[in-house]
Amino acid sequence: MFRLEVLPARYGDCIWIEYGENPVRRMLIDGGAPGVYKKALKPRLKQLPDTAREFELLVITHVDYDHIRGIIELAHDDSIPFKAKDVWFNGYRHLPKLDNHKVLAGKHGEELTDLLLKNGHSWNRQGFDGKAVVIPDDGDLPWIKFDGDLTVTLMGPTIPMLADLRKDWEHSCKDIHITPEELEEARKEGRYKTLGAKEAKTTKPGRPDIEQLLRADFEEDPSSANGSSIALLVEYQGYRALLAGDAHPSTLVKSIDRLGQDKLKLDVCKLPHHGSRGSVSAALIKRLDCKRYIFSSNGDQFYHPHPEAVARVIEYGGDQPKLLFNYHTDETNIWDDDLLRNAYGYETVYPDGEKGGIVIEKGGNE
Ligand SMILES: [Zn+2]
């Protein structure tokens, strides 16, 4: 059994993995944006008996608020027993040439660091001996076998990406992932546009013009925080999932090169950075042999997924790609269009309810 639950994480990620039988084992990747813990992650944890709340691995892909917030809330919550055998998170101490103690966007990273240390968690132990979860400059990509026969191959970050984050720690809050509080402040001060958000939309987006979207220039996401994302290739009994965090597509392409593969064979791909136009490149999609593509976002803050990204998946994502959205939103509903589906040959999967969240299962028919 292998299940991937893409919880409704607002504009962030919160991915719950279950695998094996007797016992069923679990991994958790990211905790979503503010409010996600209370609304989605905690209720999901509560469904488990107390004895089943020891996870094989907890991964915090990077320091951005839409990934880390729910984990901080989880770590603060004494009302529900939760344990992880190991935690993968690159904190400040793991960034190369650590000599910069100015922490702005990193305050959430620092808060999590404090919680990890205070609670005596096993931190970056499995596979990395307490050091950074990072791809070395040469040699094979690190791969780790977990109990229950699940293999995880590290697809990102690289050492230069972690060094960039160190240099650029402050910049990450001015970049695309800012906290809602900061967004409010920025609006008041008239800095809203410079923070990288689009203008407020006044009308619902119309039918996408795929040809035009495909002609749009690609400019890679410049965020060093996103670039520092832990990206994972997870494999269980031949079933393969790429969980890209917010990694830069060029990093992922280089990792596919290092695996020596022309096309990376996958059953499912959680696309990088919520389907942003700067993170889903044609170059990346062309290197995947995959049928199911997940977009994790409710469109808050940055109107993800961007139509250019969806168009690239439709065009380069193989024969009849399936687009899986974890929310019904203006940004995702525009792709629920028979005329487009017939013309371009793709399928769409949406959550059942308005609450959001989707489940992908090995052997399932989604
Ligand atoms: Zn994100």
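Two residues are in contact if their C-beta atoms, placed from the backbone, lie within 7 Å. Keep that in mind for what follows.

This is a predicted model, in which local features need pLDDT of at least 70 and side-chain atom pairs count only at pLDDT 80 or more, while totals for chains, interfaces and linings use all residues. Residues are numbered from 1 along each chain as its sequence is written.

I start with one residue. Leu-232 touches Val-152, Leu-154, Met-155 and Leu-243, leaving aside residues up to four places away in sequence. Leu-232 also belongs to the largest nonpolar core, which has 91 residues. A nonpolar core here is a set of buried Ala, Val, Leu, Ile, Met, Phe, Trp, Tyr and Cys residues joined through C-beta atoms within 7 Å. Buried means that 20 or more other C-beta atoms lie within 10 Å of the residue's own; exposed means 12 or fewer, and partly exposed is in between. Along with Leu-232, the residues with the most contacts inside this core are Val-234, Leu-243, Cys-269 and Leu-323. In soluble globular proteins, nonpolar side chains tend to be buried together.

Is Ala-231 buried or exposed? Ala-231 has 25 other C-beta atoms within 10 Å, so it counts as buried. Its contacts, again without residues up to four places away, include Met-155, Gly-156 and Leu-252. Thr-61 is 170 residues from Ala-231 along the chain, yet their C-alpha atoms are separated by 7.1 Å.

Now the whole protein. It has 13 helices and 18 strands. These are DSSP runs, numbered from the N terminus: H or I of at least four residues for helices, E of at least two for strands. Of the 366 residues, 46% count as buried. Among contacts with a separation of 6 or more, 74% are between residues 24 or more positions apart.

Six strands form an open sheet with mixed pairing, in the order S7-S5-S3-S2-S1-S18. Two strands pair if DSSP finds at least two bridges between them. Strands S7 (87-88) and S18 (358-361) are at the edges with a single partner strand each, so one side of each has no neighbour in the sheet. S18 pairs with S1 (residues 2-6) in the antiparallel sense over four bridges, and Leu-4 has Ile-360 as its bridge partner in S18.

Elsewhere, S15 (residues 292-295) has Arg-292 and Ile-294 pointing one way and Tyr-293 and Phe-295 the other, all of them buried. In a regular strand the side chains alternate between the two faces of the sheet. S13 (residues 268-270) pairs with S15 in the parallel sense over three bridges. S15 is also joined to S16 (residues 322-325), running parallel, by four bridges. From S15 the chain crosses through helix H11 (residues 307-316) to S16, a right-handed β-α-β crossover. Right-handed means that, with the strands pointing away from the viewer, the path from the first strand over the helix to the second runs clockwise.

In H2 (residues 65-76), nine of the 12 residues are buried, including Tyr-65, Ile-68 and Ala-75. In H9 (residues 249-258), the buried residues are Pro-249, Thr-251, Leu-252, Ser-255 and Ile-256. Seen down the axis of H9, these fall within an arc of 155° and therefore line one face of the helix; the arc is that of the directions from the helix axis to the C-beta atoms. Just after H9, Gly-260 takes a positive phi of about 75°.
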